[in-house]
Amino acid sequence: MLSTTLVYSQSGASVLLGLTLLILTEFGEWVKIGAVSRLRNYAGLLIVVAAYLLIILQLPLGTAFQLGNDEGFEVIKPFLCSKGYNLYTEIWNDQPPVFTVILTAAFRICGDSIMTARLVSVALGLMLIATFYELVRRRSGTWAAVFGTFFLVASPSVLLLSVSVMLEGPAVGTALLAALLTFQWRKSRHRLWLLASGAAMALALQIKLTAALVAPALLSELLLLSAADVGKSRIRTALVHTLVWGASLIAVFVLIGLTFGKGSLKTSWESHTGAAFDSEFGRPEDHKFDPRLLRSHIECVVAAVVATIVATSRKRLSEISFPLVLLLTVSAVHAVHRPWWNYYYLHLAVPLAWLTGWIVNEMLQRILTSYPKGWLRLASARTWRMLALCILVAAPIARSERRLEDTIRNLRQRETVSANPIVEKMRQYAGRAKWVYSDSGIYPFHARLLVPPELAIVMPKRFWSGQITTQQIVETCKRYQTEMLVLPVYTARPEWKVLLDAEYSLVTTDNKYLLYVAKRIKEQPP
């Protein structure tokens, strides 16, 4: 499995540009330190990477029908692109092009299987984990990085996003890489690192625009580092550094847009600005952040508060300035932004895990320095303080470990492709069918059947922005003479009734979706 992962990683150079920059960043530090320091610095990273890959080996990447809820959107686009259809001009898409371009290249090189797509996601998930580890280590040391990375992987939704074919993990991971390159610039003060950081952020934004949430924390670090320069021209220096970084970001962002994203501006703008009511999906305002989600992550929420208090009292806020600014940014944005989707929790998980790793490391160091010599004396207040600290360290670790264990168990128990009755029936009729319409692209993808390009992505946002209606979907299906329809069981759209009654027969269901097959091919011999 490890060797297969590496093969897929090497096959798409653009896929792993982030990992390449990460390696180059580390090489710049490698040549400056001795062998003992290298081993100490990289031992933690090796442990983190090995643990991540060990978890990955337990997951059904090649057999699970669906991991993340949005996998259908992200696999059907590159599947159609690999068959010769063009993104934006033929395939409706409201997201930036980079992730789809990466998966299209992977499908053409390695085959259009779900294993290919998920291995690309695993590689980018590895970049997220490794980059996060390095950010924390450079600011707070190895043990804080190890603890913080554990809390990140154990956070709600993070492991799922690391292995699912979805945009959020790759976008955030690449944005964190941009921050790491800024940290590297702090050490060398060579503007090439600033240019690389701006390029990485542009790449992140061209994966998904939510990567912009990391920009305020990154820019605050850039300004703080510039302000530390000796001399009277600190403001001018900070402005120059910011302009260099911003110029690189804009140049690379525009270059990617002109190369791969022609036609994306109109659909993206309309999708993110239009708003309408839809009887089935409601309104964007109906999907808002539920504070009760924090209950499942309460150990890290409490730890983050404690970390902020401790760092403030010890005048060490500079050590946690990056996660604090990031936490404030995402909290402010998601308090007002609609709609909220649960995979956005990754934005909160990153700073919360960082702060938790920092405070757990601080308490652990306190325990090691306060450990009473000789036998424990129950009458000693020092002994009881140490035991209390041990409990405070163990509690968040134990709770996070239990959640991680439940997440792994849940992923391992996912329904397999071969067990899904709809996919099985679709494959039986595949020789007699060319076009399929499905609310979820995961069904035609597993069946290796084409979807009308303009109907590849049908999501609430498209209805809310007024870019599509159910009647338009029905008319398009008639025009393409789609042989199969996969519709949700809860659909109550009257626009479908006449077409279904006249031309289709209900064949099977998986209790979430219904498969209808055109009567003209159902009656044909196989």
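In which helix do Asp406 and Arg409 both lie, and how many residues apart are they?

Modeller: Please keep in mind that this is a predicted model, in which local features need pLDDT of at least 70 and side-chain atom pairs count only at pLDDT 80 or more, while totals for chains, interfaces and linings use all residues. Residues are numbered from 1 along each chain as its sequence is written, and side-chain values use heavy atoms, with hydrogens and water left out.

Asp406 and Arg409 both lie in helix α17, three residues apart, which is about one turn of the helix; helices here are DSSP runs of H or I with at least four residues, strands are runs of E with at least two, and both are numbered from the N terminus. The side chains of Asp406 and Arg409 meet in a salt bridge of 2.8 Å from N to O, the term being used for a side-chain nitrogen of Lys or Arg within 4 Å of a carboxyl oxygen of Asp or Glu. Side chains of opposite charge can pair when their charged atoms come close.

Arg409 has a further salt bridge with Glu405, whose closest N and O atoms are 3.2 Å apart. Glu405 and Arg409 are four residues apart in α17, which spans residues 381-412, and this spacing is again about one turn. As for accessibility, Asp406 is partly exposed at a relative accessible area of 39%, Glu405 is partly exposed at 38%, and Arg409 is partly exposed with a value of 38% (buried means under 20%, exposed over 50%, partly exposed in between, with a 1.4 Å probe and protein chains only).

To place these pairs, the whole structure has 21 salt bridges, and Arg314, Arg316, Glu319 and Glu362 are linked in a network of such bridges. Because Arg138 and Glu134 are four residues apart in α6, about one helical turn separates them. Glu134 is buried, with a relative accessible area of 0%.

Helix α6 (residues 114-140) packs against helix α9 (residues 168-188) at an angle of about 35°, and their axes are 8 Å apart; axes are lines fitted to C-alpha atoms, for helices over the stretch in contact, and angles run from 0 to 180 degrees between N-to-C directions.

A buried residue is found in a loop as well: Gln467 lies between α20 (460-464) and α21 (470-480), and Gln467 counts as buried at 18% relative accessibility. The side chains of Gln467 and Trp92 are joined by a polar contact of 3.1 Å, that is, a pair of N or O atoms within 3.5 Å, where within protein one must be able to donate a hydrogen and the other to accept it, and residues adjacent in sequence count only if both atoms are side-chain atoms.

Finally, four strands form an open sheet in the order β1-β2-β4-β3, with mixed pairing, strands being paired if DSSP finds at least two bridges between them. The edges are held by β1 (436-438) and β3 (504-509), each with a single partner strand, so one side of each is left without a neighbour in the sheet.
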